[in-house]
Amino acid sequence: MKTLRSAILAGICIGIAGFGYLAIGGIAGAALFSCGLIAVVSYKFKLFTGTAGFFVKGELGQLGIILIGNIIGCLLMSLMARVSPMPLQEAAEKILSSRLSTGPLKAGILAIGCGFLMTTAVTFARRDKWLPLLFCVPMFIVCGFPHCIADVFYYLSCSLDFWQTQVWSILLLYLCIVLGNFIGCNIYRILLPE
């Protein structure tokens with residue numbers, strides 16, 4: 001339960017960062033998105049992409065709990081996005097449409113870049129070196145690398161009408177992004193096992 005609660009809080013932090021990005025967009029929104037990861041790392045909350053590159057043997061099941069908790073936190077924030085007077089749903093639907101047009105395989109491959117950048121950012125932040133975090137987060141956004149937790153916030157912020165006709169395509173897309181992020185988070189361990 002402690003892991004789940006921590007993961008929900010991490011999802012809320014990323015949801016707030018995503019909320020800001022949908023409201024502002026562009027480079028400014030990408031830069032401000034960093035506040036979500038700063039909060040996650042500072043409070044040591046459990047974020048899927050902040051944990052996937054650091055788990056040890058026997059903790060793989062914990063990643064599933066973390067992912068579920070992150071999704072719950074994003075769901076809570078998406079409910080706030082739905083009542084906002086800002087055109088957040090339209091911005092979220094634009095992001096999801098772009099991901100769907102990219103396709104699940106290509107989106108999954110692009111998600112590897114996000115995972116790599118996230119592990120880089122978290123590694124340095126854990127050493128009290130925050131500058132890489134301030135650059136890595138906007139970098140994955142500007143590059144269009146999908147982040148499975150930010151994306152779930154965007155997807156859940158879309159209208160139900162948008163979801164109804166393409167629910168299976170969205171789920172397949174999301175699974176590929178989660179897998180891509182996981183691979184990217186572990187590239188350091190794959191290539192430098194020591």
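Lysine 2 is exposed, at 68% relative accessibility. By exposed I mean over 50% relative accessible area; buried is under 20%, and partly exposed is in between, with a 1.4 Å probe and protein chains only. Before going on, note that this is a predicted model: local features need pLDDT of at least 70, side-chain atom pairs count only at pLDDT 80 or more, and totals for chains, interfaces and linings use all residues. Residues are numbered from 1 along each chain as its sequence is written, and side-chain values use heavy atoms, with hydrogens and water left out.

Back to lysine 2. Its place is in helix α1. Helices here are DSSP runs of H or I, at least four residues long, numbered from the N terminus. Take lysine 2 and tyrosine 155: they are 153 residues apart in sequence. In space, C-alpha to C-alpha, the two are 26 Å apart.

Lysine 2 also belongs to a surface patch. Which residues form this positive patch? They are Lys2, Arg5, Lys46 and Arg126. A patch takes residues with over 30% relative accessible area and no salt bridge; like charges are joined within 9 Å, and nonpolar side chains (Val, Leu, Ile, Met, Phe, Trp, Tyr) within 5 Å. Lys and Arg count as positive, Asp and Glu as negative; His and the chain ends are not counted. Each charge is placed at NZ of Lys, CZ of Arg, CG of Asp or CD of Glu.

Arginine 126, from that patch, is found in helix α7, residues 104–126. Arginine 126 is exposed, at 52% relative accessible area.

Is threonine 119 buried or exposed? Buried, with a relative accessible area of 3%. Threonine 119 touches Thr49, Gly53, Phe54, Cys185 and Tyr188, leaving out residues up to four places away in sequence. Contact means heavy atoms within 4.5 Å.

Setting aside neighbours within four places in sequence, threonine 120 is in contact with Cys136 and Tyr188. Threonine 120 and tyrosine 21 are 99 residues apart in sequence, and 22 Å apart in space, C-alpha to C-alpha.

Now the salt bridge. The structure holds one. The criterion is a side-chain nitrogen of Lys or Arg within 4 Å of a carboxyl oxygen of Asp or Glu. Side chains of opposite charge can pair when their charged atoms come close. Here the partners are aspartate 151 and arginine 99, with the closest N and O atoms 2.7 Å apart. Aspartate 151 sits in helix α9 (residues 148–157) and arginine 99 in helix α6 (residues 88–102), so the pair ties together parts that are 52 residues apart in sequence. Aspartate 151 is buried, at 1% relative accessibility. Arginine 99 is buried too, at 14%.

Another residue of α6 is serine 97. Serine 97 is partly exposed, at 33%. Serine 97 and tyrosine 188 are 91 residues apart in sequence and 31 Å apart in space, C-alpha to C-alpha.

On to α9 itself. Why is α9 described as largely enclosed by the rest of the structure? Because nine of its ten residues are buried. Among them are Cys148, Ile149, Phe153 and Ser157. What do the buried residues of α9 pack against? The list is α1 (2–24), α4 (48–51), α5, α6, α10 (160–164) and α11 (167–185).

Areas come from the Shrake-Rupley method with a 1.4 Å probe; for residues, only the protein chains shown count as cover. Isoleucine 72 is found in helix α5, residues 60–83. Isoleucine 72 counts as partly exposed, at 31%.

Last topic: backbone angles. Most residues other than glycine have a negative phi, and most peptide bonds are trans. Lysine 44 has a positive phi, near 60°. Where is lysine 44? In the loop between α3 (34–43) and α4. Lysine 44 is exposed, at 69% relative accessibility. Aspartate 128 has a positive phi too, of about 60°, although it is not a glycine. Aspartate 128 is in the loop between α7 and α8 (131–142). Aspartate 128 is exposed, with a relative accessible area of 63%.

Notes
Helix = DSSP H or I, 4+ residues; strand = E, 2+ residues; numbered from the N terminus.
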